[in-house]
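Please keep the structure open while reading.

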Amino acid sequence: MKRYYLFGMTLVLLVAATLRLGTLPDLPVGLHYDEAANVILTRQIASGDYRPVFIRAYTGKEVLFFYSGTFWIWATGGAPWGLRLNAAMLGILTVAVTFSATRALLGPAKRSREIALLAAGWVAVAFPHVLLSRYGFRAISQPLLQALTVAALWRGLRSGKRAWLVAGGVCLGLTGYTYLAARLFPLPLTVALGWLLLRSPREARQRIAQLGLVGLAAVTVFAPLGLYFLRTPDAFTTRITQVAAPTWRDALRGVWLCLRALVWPGAGDPYIRFNIPGRPLLDVLSAALALIGLARLLLPSQGDDLYRAGRIFVIAVLATMLLPSALATSEITPSNLRLVGLFPFIAILPACGVVVLIDAFTGVLRNMGNLTNRPTDAKSRLLPSASCLLLLLTFGGAATARAYHQWATSTELFYAADGEMVLAAQALDATDLTGTTVYIASEHYRHPTVAALAQQYAQAKWLTGGATLVLPPSGDAVYVWPRSLTPPASWPETITQKWRTTVLHDPLGEPALLVHRLGEADSAALREPFTPPSSAADFAHVIHLYAARPTAACRVAAPCPILIIWAINAPYTTLQPVVRLLHPQTGEWTRETTFHYPPADWTTGDLVFDQFTLTPPVGIPPVDGYEIGVSFFNPDGGEVLPRLEDEQFAGLEARFPLTGTLLPMASAPDAAQSAAACPGIPREIGAAHGDLQLLGATPLPESLRPGESMFLRLCWQATGTALPEGDVTLTLRGAETRTLYKGVPASGYTFAQWRPGDIVEDRYTLRLPREIAAGPYTLNLSVGDAPGMTLGTVEVQPVMRSFAPPEMQHPFAVDFGGHIRLLGYDAGMPHARQPLEVTLYWQSLAELDEDYLVFVHVLDESGAIVAQVDEGPQQGNYPTSLWMAGEIVTDRHILSLPGALPEGDYRLRVGFYQQENGNHLAVNGDTHVLLPLTDADSH
């Protein structure tokens, strides 16, 4: 008898190997980012330089698959398909172990060997398992270790042999090193074995000892990883928190989706990387057989307690291993990759279903008399099962092979699996890099696919996002450009007319990758208009910014590509640009901060053409005067590169006019656009004036001081054509009445220009008069001659002002820009490691609408800065825009002096400037005044 099963398993494994090994180096097409990263990690381990217990990179990875892959990576000379070969071998082993695990679970039950053989045959030809067995992903190791655990554990429990129990514990511990989803695998084991202990109280002591041995072996093997998770708990939780369902409702919906994905046509994994989109885990025939098999497992039957515990385990494991995908609703659900834990146990269901039907059919024939008194032998009993197995392997294998080839060669998979980056690696290695700089446009910086495939990977520079062109300071330039990365706007013809293009194609022969070459002479000619640095905005001598302009007319609610042109003057650690659409009166409306050319790839002298997309939001008034603001900041430390003019601070941003008037929306906003307009404005008003409706307004501050401003945002909607013609008036009423604004709305976008359905966000900066009396006030809004409405209340706080000069240590009269006079100052004696208190006495000569910062610098004899503070007057609490003419302001600053302070003469450098643009209040034609300090003691 055994030789028949041996022959059957040999046939099963041959089919499994054929489906998993055939054309493996070539299919599937592409090499996705994640798979390429796995190749790189396995090479590092194979080199002997890396021995991780857990891999923190790429959101965290368990390591068993990578260690097992080192041999195959070595055997294939480091080829990426060596990791796929590792997966194929693990997949073939899983088919073999499916037989052993099923036999162990069913034990001596009737037809257990036939069920085990059919289950192994089903796994051998199952499309999802074949697919995952040909990919370099660690998930394929999970079902193998699960099946090994069950096979050894149940065999040990049945025979009582410690070797099998220890082997089961070792495999259980190793399961934790396979894949994130395996962390749930102990749960169905606990359910089944817990039932076994409760069911057999007489054998409880023996079973507890056996399971203790299993647990000890499992804990010992898992201990290194467990200790790692205890020391770095975020490594355990990071990926879980990224994908976990946010609510119970989402989790329940995920369970329903995964149940449908098992059997329902069109409800399977929709992601082409791991499935033919929508194909369920079980085909129609397998699903019908599985339901019959499930019914058999649920119905009472004969057998010992271990057999019943095995049936409970199968049902529990199928329910449990749905959860890794069902609960990961923050990503694609259902996901065949996360459902991999269902294999090989789900194969038991259709196998049982086949045997149930065979038994039923045989029983019918007997009842009909066809088999009465006919002797039966073992061969004749095996014939129906053997026939079913042969049909499964022949037709199921052929169907899987056909479906797999269709999927693995598809153009859709080519692009989903980063096939363009495979072509990019080929193009890079085919380029002679002598005197040539190669730039690769990619969705990801330093794409692992190119790193895994290209010999010249280290020589490439990266342009992330496909919206950047760089002209190197010398030599030819080659741009490797995936066709899918279309820049927001066409590049200037002055560039595109000069490069020569080579095209590489996808599996359908369509252009997939463009390789542009720009000669050195052409590159030099393109650089000439941007060579003089005097025509650029200088950001800390690191970046020279030449231009920021839209490539076409900008329209409300439509993407507006902005081309900025800048040159690299010096290296830097890390930088990120901020490109803003703003208006001098109403402030910022939208911004983009993506950096396309990372500083690690910079070469001093590079000229960069960079495109950013700004979308003017629904509600922005379409008027003149908008500007494009560009600045650069360090995202690691938060520092902003200062703009310099004549070596002096000139602000943190360069601004360029938006060419032409911002155009209105092409049509009235739809319901979704209307709902998203005016973000942050509560829609709690709903007051109407004809066909003009005020939807809402921002809350007023609780209190203000005379001279302070409040920023008011109104949200209007035109519901028809009967719109008012009058002005908007904003009036403060209380102890006195003050009109804070009277004029046209929305920065000059008059009501007559609005169309039915338009939503307009109307912004005002309302400054209180400096001489307004303290007390409660209401802010009233009116349009034309119509009665006004109250927008809210604000308390005007009294301000204690002084107009008499106080006594001071050092009188020193000097004027700053005709607006502020320094009357004198007090300053302590500088001591090392001690704070230095400096008090400045200002007199306001004329009222200022702007807020200026005061800078106080301690200089040594060489003019170097020893200590400094740049802040608003009175440590930011009393801005210059609040001062009244003639007022005296006492302004105290604290400076921290360094630990080593040599003897010598020290001075104070004092002045005023605006942070946003660097404008100074001039003093005697200079930006500052120098004030003497007493000699410092030596400490």
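## A buried disulfide

Cys-560 is buried, its relative accessible area being 3%. The model is a predicted one. In it, Cys-560 is joined to Cys-554 by a disulfide, with an S to S distance of 1.8 Å. Cys-554 is buried as well, with a relative accessible area of 5%. Both values count as buried because the cut-off for that word is under 20% relative accessible area.

## The other disulfide

Cys-678 and Cys-715 also form a disulfide, and their sulfur atoms are 2.2 Å apart. The torsion about this S-S bond is about 80°, so the disulfide is right-handed. Cys-678 sits in the loop between helix H23 (671–676) and strand S17 (687–689), while Cys-715 belongs to strand S20 (residues 709–718). The two parts are 37 residues apart in sequence, so the pair ties together separate stretches of the chain.

Cys-678 has a relative accessibility of 2% and counts as buried. Cys-715 is buried too, with a relative accessible area of 0%.

## Count and pairing

The number of disulfides comes to two. When the bonded cysteines of the protein chain are numbered in sequence order, the pairing reads 1-2, 3-4.

A disulfide needs the two sulfur atoms to be within 2.5 Å.

Cys-388, at 28% relative accessibility, counts as partly exposed.

## A sheet of four strands

The chain also contains an open sheet of four strands in the order S11-S10-S13-S16, and the pairing is antiparallel. Its edge strands are S11 (587–592) and S16 (654–657), each of which pairs on one side only. On average, neighbouring strands of this sheet are turned by 30° against each other, direction ignored.

One of the pairings joins strand S10 (residues 576–583) to S11 in the antiparallel sense, over five bridges. Leu-581 stands opposite Thr-590, which is in S11.

Key
Residues numbered from 1 in each chain as written. Predicted model: local features only at pLDDT ≥ 70, side-chain atom pairs only at ≥ 80, totals over all residues. Heavy atoms only, no water. Pairing = 2+ DSSP bridges. Axes fitted to C-alpha atoms, helices over the stretch in contact; angles between N-to-C directions. Buried < 20%, exposed > 50% of the residue type's maximum accessible area, 1.4 Å probe, protein only.
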